[in-house]
Amino acid sequence: MEKMGVFLGILIAFFSIFANSVLSRTLPFSSKTTVLDVSSTISKTQDLFSLNFQNVLPSKHEVHHSSESGLSFQLHSRVSVRGSSEKDYKTLTLARLARDSARVKAIQTRLDLASLGIKKADLTPLEAELEEEKLEGPVISGTSQGSGEYFCRIGIGHPPTQAYMVLDTGSDVNWLQCAPCADCYQQADPIFDPGLSSSFTPLTCETQQCRSLDVSECRNDTCLYEVSYGDGSYTVGDFATETITFGDSAAVENVAIGCGHNNEGLFVGAAGLIGLGGGALSFPSQINASSFSYCLVDRDSDSASTLEFNSALAPDAVTAPLVRNSKLDTFYYVDLTGISVAGDLLSIPPATFQLNDNGNGGVIVDSGTAVTRLQTEAYNSMRDAFKKGTRDLPSTNGVALFDTCYDLSSRKSVEVPTVSFHFSNGKELGLPAKNYMIPVDSSGTFCFAFAPTSSSLGIIGNVQQQGTRVSFDISKSVIGFSPNKC
């Protein structure tokens, strides 16, 4: 009888352990907390304004040469190129978040139209204006569709003229400001003069490049382009081919690029934009790149990294399937299936993150959006789990689109719950604490850097990508994340 009691006790203990492991959905070998260095982070926000970044000169940065693995540009944070006109870090944060909201709304507008099978070229001018009025955010002086937080340095024309260009995975058309200017904004470098370049060649209206534009017109058999963004910004001019130079040696000829003579409200500091999207006119598509990758340094830093083409995926990269939208080929979707907080997989239906046949939903990886957006129910589940693990931290009022903030002014470091993304191939990407607990001022206010959206589209933003080399293997339909590979 005694043996039977021992056996039953063992049996009950086994089933108790088994049941708990199933119900909790705790992931094996996952750490529940990670450390955030509060003091170091606050110090960086203070240094940003004490080092007089406003006097940064374009000549400070040298162009990165082509590497053995492929072609390479050097990347810089926005603040290291053009400094900050804001008076303090909180004002800078609010300006960044305002730019970010405008970009997200612009992306959602474009995808909404695409899912309905509508291109802007199909609309009358009045209809296009009404569509933009319905969905546009506030026009913010000196900003664009995107925050434009990262710039690359390239040579344009022959002989090459050096220029800073915004890096954007959410755009296809490359363009820059050109003389003569009917309307140009301020940029760090002299305005590009096509008359001084022997390789500048206007495109005719019958060319494939001209026909690939969403919006184009013909004038004297010369192709004119127009790109407009959801915040009311735009660029208009001649569509041409030009030589793009990487460093002193490698160059790519006949790249289709917009030569904008009329540009409004766009990217103060940068000369224009390099489109890294999946469309036919994007830079990777035009040079037939099989892959490209970038590493985004801390955007409050003056250090640099690289944008590379045709370079191999790092062996230790966390990979995930790259999904494409049949309705719009610009954006890069990642097959996200779940999110874990403190090692526990949240009860979010995988369908929440899926791209459907109508081109709605899904999760894109975007270099221009700052803060990751999740559908409201998914965000609420994530936030509540995070708050549960930070009960011992002093909370404070929300800031802008952040509703979960903490006063860490009296702490040197804190432990916070881990946060990870999970993909359909079973791989997991753990985020550093500094990529989701970020400062919003220089006095110790930190916020959980995710935001809800009523849209079905999710976006993994550049705050969550910082310090990670993000690789897009176009030929194999794989996206890779390599932490600490800047």
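Guide: A disulfide is a pair of cysteine sulfur atoms within 2.5 Å, and with that in mind we can look at this model, which is predicted. A search of the whole structure finds five disulfides.

Visitor: What makes Cys205 and Cys218 a disulfide?

Guide: Their sulfur atoms are 1.8 Å apart, and because the cut-off is 2.5 Å, the pair qualifies as a disulfide. The angle about the S-S bond of Cys205 and Cys218 is 100°, and this link is right-handed. Cys205 lies in the loop between strand 6 and helix 6 (208–211), while Cys218 belongs to strand 7 (residues 216–219), so the bond ties together parts that are 13 residues apart in sequence.

Visitor: Is Cys205 called buried or exposed, and why?

Guide: Cys205 has a relative accessibility of 15%, and since buried means under 20%, Cys205 counts as buried.

Visitor: Why is the disulfide of Cys178 and Cys259 given a handedness, and which one is it?

Guide: The sulfur atoms of Cys178 and Cys259 are 2.0 Å apart, which is within 2.5 Å, so the two residues form a disulfide. The torsion about their S-S bond is about -120°, and therefore this disulfide is called left-handed. The bond links distant parts of the chain, with Cys178 in the loop between strand 5 (175–177) and strand 6 (201–202) and Cys259 in strand 10 (residues 250–264), 81 residues apart.

Visitor: How do you know whether Cys178 is buried or exposed, and what about Cys259?

Guide: Cys178 has 0% relative accessibility and Cys259 has 1%; buried means under 20%, so Cys178 counts as buried, and so does Cys259.

Visitor: What is the handedness of the link between Cys405 and Cys447, and why?

Guide: The sulfur atoms of Cys405 and Cys447 are 2.0 Å apart and form a disulfide, and its torsion of about 100° is the reason why this disulfide is called right-handed. Cys405 sits in strand 21 (residues 405–407) and Cys447 in strand 26 (residues 445–448), so that distant parts of the chain, 42 residues apart, are linked. Both Cys405 and Cys447 are buried.

Visitor: How many aromatic pairs are there, and what makes Phe292 and Phe309 one of them?

Guide: The count comes to 13 aromatic pairs. In the pair of Phe292 and Phe309 the ring centres are 6.2 Å apart, with 40° between the planes. Phe292 lies in strand 12 (residues 291–295) and Phe309 in strand 13 (residues 304–309), so the contact ties together parts that are 17 residues apart in sequence. Phe292, at 1% relative accessibility, counts as buried, and Phe309, at 0%, is buried as well.

Visitor: Why is the pair of Tyr332 and Phe472 called tilted?

Guide: The planes of Tyr332 and Phe472 are 45° apart and their centres 4.9 Å, and because an angle between 30 and 60 degrees is neither stacked nor edge-to-face, the pair is called tilted. Tyr332 lies in strand 15 (residues 328–334) and Phe472 in strand 29 (residues 468–473), so this pair ties together parts that are 140 residues apart in sequence. Both Tyr332 and Phe472 are buried.

Visitor: Which residues form one aromatic cluster?

Guide: Phe283, Phe292, Tyr294, Phe309, Tyr332 and Phe472 form one aromatic cluster.

Terms used. Residues numbered from 1 in each chain as written. Predicted model: local features only at pLDDT ≥ 70, side-chain atom pairs only at ≥ 80, totals over all residues. Heavy atoms only, no water. Helix = DSSP H or I, 4+ residues; strand = E, 2+ residues; numbered from the N terminus. Buried < 20%, exposed > 50% of the residue type's maximum accessible area, 1.4 Å probe, protein only. Phe/Tyr/Trp six-rings, centres within 6.5 Å; stacked < 30°, edge-to-face > 60°.
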